[in-house]
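Me: I am new to this structure and would like to learn how to read its features one at a time. Could you take me through them slowly, giving the general idea before the particular case?

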Amino acid sequence: KNFESANLVFYVDCLETQVGALSITLNGNKFYEAIPDCNIYNRNIAIPLSYFKEDNNVFVFENTFGSFS
């Protein structure tokens with residue numbers, strides 16, 4: 001299917017003082033790396049369309065320290 005843009009919205013349950021950087025990749029391509037805002041929705045993170053595959057797409061969320069849920 002064709003689409004013109006892709007954005008990610010996510011919510012991180014964490015404590016501001018106990019959280020490190022969060023990186024998000026799609027199919028091995030990093031498109032986000034920052035300390036996320038805790039306990040609110042992180043909105044409109046743009047994802048380059050070239051990162052998508054026609055079949056399966058895998059998102060990976062990794063943090064440097066602390067814990068997220």
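Me: How many aromatic pairs does a search of the whole structure find?

Reply: Rings of Phe, Tyr and Trp (its six-membered ring) pair if their centres lie within 6.5 Å, and planes under 30 degrees apart count as stacked, over 60 as edge-to-face and the rest as tilted. Searching the whole structure in this way gives 5 aromatic pairs. One of them joins Phe 10 and Tyr 32, which are edge-to-face at 5.5 Å centre to centre, with 80° between the planes. This is a predicted model, in which local features need pLDDT of at least 70 and side-chain atom pairs count only at pLDDT 80 or more, while totals for chains, interfaces and linings use all residues. Residues are numbered from 1 along each chain as its sequence is written, and side-chain values use heavy atoms, with hydrogens and water left out.

Me: Which strands hold Phe 10 and Tyr 32?

Reply: Strands (E, at least two residues) are DSSP runs, numbered from the N terminus. Phe 10 belongs to strand S1 (residues 7-11) and Tyr 32 to strand S3 (residues 29-34), so their pair ties together parts that are 22 residues apart in sequence. Ring pairs also link Phe 10, Tyr 32 and Phe 61 into a cluster.

Me: Are Phe 10 and Tyr 32 buried or exposed?

Reply: Buried means under 20% relative accessible area, exposed over 50%, and partly exposed in between, with a 1.4 Å probe and protein chains only. Phe 10 counts as buried because its relative accessibility is 7%, and Tyr 32 is likewise buried, at 11%. In another pair, the rings of Phe 31 and Phe 59 have centres 6.2 Å apart and planes at 80°, so this pair is edge-to-face. Phe 31 lies in strand S3 and Phe 59 in strand S5 (residues 59-63), so parts 28 residues apart in sequence are tied together. Phe 31 is buried at 14%, whereas Phe 59, at 35%, is partly exposed.

Me: Which cysteines form a disulfide?

Reply: A disulfide is a pair of cysteine sulfur atoms within 2.5 Å, and by this rule the count comes to 1. Cys 14 and Cys 38 form it, with their sulfur atoms 2.0 Å apart. Cys 14 sits in the loop between S1 and S2 and Cys 38 in the loop between S3 and strand S4 (41-46), so the pair ties together parts that are 24 residues apart in sequence. The link is left-handed, with -105° about the S-S bond, and both Cys 14 and Cys 38 are buried.

Key: Helices (H or I, at least four residues) and strands (E, at least two) are DSSP runs, numbered from the N terminus.
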